[in-house]
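Colleague: I would like to learn how to read this model feature by feature. Could you take me through it?

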Amino acid sequence: MKIVLLGDLHLVSPQDPYHERRSRRRHFADAWPFFHRIVEWVRDEAPDLVISVGDLVDWYSDENRDFAIQLMQELQTPWVMTPGNHDFLLVNARGDKCNADERVSGIRSRWEQSDVALGNRVMDMGRIRIILVDSHESSVSADTHEWLGRVTQTDAANVLVTHVPLNIPEVVDFILSVDSEKDLEKYVLTGAPRLYEQCVASRVHSVFTGHLHFDGYLELDQTRLFFLPLSICAARKKYRGQGHIAVMNTDDLSVYMRGQS
Ligand SMILES: [Fe+2]
């Protein structure tokens, strides 16, 4: 069996009503036609499942949600996602972020109304167990450590998919080596600093994350860390590796990148 993993997409619907936001975010708002290239690659790979590592939309609106779902359906493959911070982001008429806790809690149900699940869950596929963890706030829910401890006790090869990279020194060093300006409060799991040592090390075979908008790979003890680039191709040269997807063969656990040359 085969799975395809998509990095951040930041889709924006032509119907989205937040025009001020759109004009500030043109590099993403105008990028969605590139998704048709992704459709071609995915259909050619003919995977059994597609997984988005989150930031499916650039900000939440019903229009952006519906547009993203419509595009994902063009893949003609079952798909799931684990959410990113932008999938929960609300903006106001001036285009500014306006997240308030009570409104954010309503966004989860808005996604679920359209049959898009965002919570922690497990999927077994062939030799692998896919573990989706919601890390969109650069943290995880209070029960995640205990839950991960349980679901990783399997004979399958565990594959963790989550939006925000793990908070460990090797990852911090890697991020700063590419972009010394990156705000580490936001770009690693600052709210779950011991997740790797408590639940991942020696238990998880591969970890896929997004969020950084550049690509990378690290090997730690028995765990491979894949940092997925933007899968959409945005009008910003600084995004290294953008316009690529990852393909994993669940039989031999091999992974390769595919995308524009
Ligand atoms: Fe993100």
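Modeller: Gladly. Helices (H or I, at least four residues) and strands (E, at least two) are DSSP runs, numbered from the N terminus. Residues are numbered from 1 along each chain as its sequence is written. The model is predicted, so local features need pLDDT of at least 70 and side-chain atom pairs count only at pLDDT 80 or more, while totals for chains, interfaces and linings use all residues.

Colleague: How many helices and strands does the protein have?

Modeller: There are nine helices and 11 strands. The C-alpha trace spans about 50 × 40 × 40 Å along its principal axes.

Colleague: What radius of gyration would a compact globule have, and what does the protein have?

Modeller: The radius is taken over C-alpha atoms, and the globule rule is 2.2 Å times the number of residues to the power 0.38. For 261 residues the rule gives a value near 18 Å, and the protein agrees with its 17 Å.

Colleague: Let us turn to the strands. What is the order of the strands in the open sheet of six?

Modeller: Two strands pair if DSSP finds at least two bridges between them. The order here is 4-5-6-7-9-8, with mixed pairing. Strand 4 (121–125) and strand 8 (216–220) are the edges; each has a single partner strand, so one side of each is left without a neighbour in the sheet. Ignoring direction, neighbouring strands are turned by 15° against each other on average; axes are lines fitted to C-alpha atoms, for helices over the stretch in contact, and angles run from 0 to 180 degrees between N-to-C directions.

Colleague: In which sense do strand 8 and strand 9 pair, parallel or antiparallel?

Modeller: Antiparallel, over five bridges, with strand 9 covering residues 223–227. Y217 stands opposite F226 in strand 9. Helix 7 (residues 169–178) lies across both strand 8 and strand 9, at about 155° to strand 8.

Colleague: Where is D221, and is it buried or exposed?

Modeller: D221 sits in the loop between strand 8 and strand 9. A residue is buried if 20 or more other C-beta atoms lie within 10 Å of its own, exposed if 12 or fewer, and partly exposed in between, with C-beta atoms placed from the backbone. D221 has 7 such neighbours and therefore counts as exposed. D221 also has a positive phi of about 45° although it is not a glycine.

Colleague: And H10, is it buried or exposed?

Modeller: H10 is buried, with 26 other C-beta atoms within 10 Å. Its phi is positive too, near 50°. H10 lies in the loop between strand 1 (2–6) and helix 1 (19–24).

Colleague: What is the order of the five strands in the other open sheet?

Modeller: That order is 3-2-1-10-11, again with mixed pairing. Strand 3 (79–81) and strand 11 (255–259) stand at the edges, so one side of each lacks a neighbour in the sheet. Strand 2 (residues 49–52) pairs with strand 3 in the parallel sense over three bridges, and I51 stands opposite V80. Strand 1 and strand 10 pair in the antiparallel sense over five bridges, with K2 and N249 as bridge partners. Strand 10 and strand 11 are antiparallel as well, over five bridges; there A246 is partnered by M257.

Colleague: Which strands does helix 3 touch?

Modeller: Helix 3 (residues 35–45) packs on the sheet and touches strand 1, strand 2, strand 10 (244–249) and strand 11. Its buried residues are F35, I38 and V42. The face turned away carries the exposed residues H36, E40 and D44.

Colleague: Which residues touch the most other members of the largest nonpolar core?

Modeller: Such a core is a set of buried Ala, Val, Leu, Ile, Met, Phe, Trp, Tyr and Cys residues joined through C-beta atoms within 7 Å. Of its 69 residues, L5, V161 and L166 touch the most other members. Strand 5 (residues 128–133) gives the most to this core, with five residues. Two residues are in contact if their C-beta atoms, placed from the backbone, lie within 7 Å. Leaving aside neighbours within four places in sequence, the contacts of V161 include L5, I51, I130 and F208.
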